[in-house]
Amino acid sequence: MNLNRLNSDILIVCAGAMESFEFAKAVGIGMVEPAINLTKILLNLKQLPKKIIFIGSCGLYKDEKLLEIYTATQAFNYEISAIMGLSYTPIEINLSTVSQETTIINSSNFITTSKDIATKFKNLGFSVENMEAYSIKCVALKFGIEFESILCATNYCDENAHENFIQNYPKAKENIIKYLKSKGII
C-alpha cells in the first residue's frame with residue numbers, strides 16, 4: 001500500500017517489530033520509545049495531521065471477545081503496584097468522568113498475567129490493555145492532535161497471555177486491516 005495515497009490529515013502509527021503495517025509508521029514498543037519517536041516524527045512534518053490513529057493489539061481484562069476490534073480515545077497509565085496498594089502517582093487518573101460505554105485502555109510497560117489483577121483493572125473501569133496507547137495519546141494531545149486507538153484483542157490478561165498473543169496476532173492483523181478498509185481509513 002502506498003503511504004502517499006493515505007489521507008494526509010491522518011497519521012497512522014503502530015508499535016513496530018511484530019506489530020508492523022506497511023501503511024503505518026512504527027513508533028516503538030512500550031511507553032518511552034513511542035513518546036520519543038512520535039515526537040520526532042511530528043516535529044519533522046511540514047504540516048501536522050488532524051488525527052493520529054494508533055493500531056495494534058490488546059489484551060482483555062474480562063469477558064469481552066477475542067479477535068474483536070476495540071476503538072478508544074481514552075487511555076491511561078495505571079500500574080499493578082497501585083492496585084496492590086504498593087504505590088501512588090501524582091498523575092491525575094479520573095475514570096469517573098468517562099462514560100461506562102467507552103472503551104478505556106490501560107497502558108504499562110508490563111503485560112498483566114494474573115486473572116485476579118485483570119478483574120481489579122476491569123472493576124476500575126478499564127476494558128483493555130495495550131502498552132503504547134497512553135504514550136501516543138499524550139504526545140497527540142500535547143501537539144493538539146485528535147487521538148484514536150483501533151486495537152484487536154489477541155488474548156486475555158492471564159497466565160496464557162503471551163502464548164495466545166503469538167497464536168492470535170496474525171488473525172488480529174487481518175482484522176485490523178479489514179476494519180480500516182471498511183471505514184475508508186486505508
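Is Ser-135 buried or exposed? I started my notebook with that one, and Ser-135 counts as buried because its relative accessibility is 5%. For the cut-offs, I take buried as under 20% relative accessible area, exposed as over 50% and partly exposed as in between, with a 1.4 Å probe and protein chains only.

**Ground rules.** I am reading a predicted model, where local features need pLDDT of at least 70, side-chain atom pairs count only at pLDDT 80 or more, and totals for chains, interfaces and linings use all residues. Residues are numbered from 1 along each chain as its sequence is written, and side-chain values use heavy atoms, with hydrogens and water left out.

**Entry: Ser-135.** I found Ser-135 in helix H4. Helices (H or I, at least four residues) and strands (E, at least two) are DSSP runs, numbered from the N terminus. I then listed the contacts of Ser-135, leaving aside residues up to four places away in sequence: Met-31, Pro-34 and Ala-35. Contact here means heavy atoms within 4.5 Å. I also looked up Ala-75, which is 60 residues from Ser-135 in sequence and 8.5 Å from it in space, C-alpha to C-alpha.

**Entry: the cores.** Next I turned to the nonpolar cores, meaning sets of buried Ala, Val, Leu, Ile, Met, Phe, Trp, Tyr and Cys residues joined through side-chain atoms within 4.5 Å. The largest has 25 residues, and Val-13, Leu-38, Ile-52 and Ile-136 touch the most other members. At least two residues each come from strand S1 (10–14), helix H1 (32–43), strand S3 (51–60), strand S4 (69–72), helix H4 (133–142) and strand S8 (146–156). H4 gives the most, with five residues. I noted a second, separate core of 16 residues, with Tyr-169, Ala-172, Ile-176 and Ile-185 among them.

**Entry: strand S8.** I see that S8 is mostly covered, with nine of its 11 residues buried. Strands pair if DSSP finds at least two bridges between them. S8 pairs with S3 in the parallel sense over 10 bridges, and Ser-57 stands opposite Cys-152 in S8. S4 runs antiparallel to S8, joined by four bridges; there Ala-72 stands opposite Ser-149 in S8.

**Entry: Asn-130.** Where is Asn-130 placed? I located Asn-130 in the loop between strand S7 (128–129) and H4. Asn-130 counts as buried because its relative accessibility is 5%. Leaving out residues up to four places away in sequence, Asn-130 touches Phe-54, Ser-57, Cys-58, Ile-105, Asn-106, Ser-107, Ser-108 and Leu-151.
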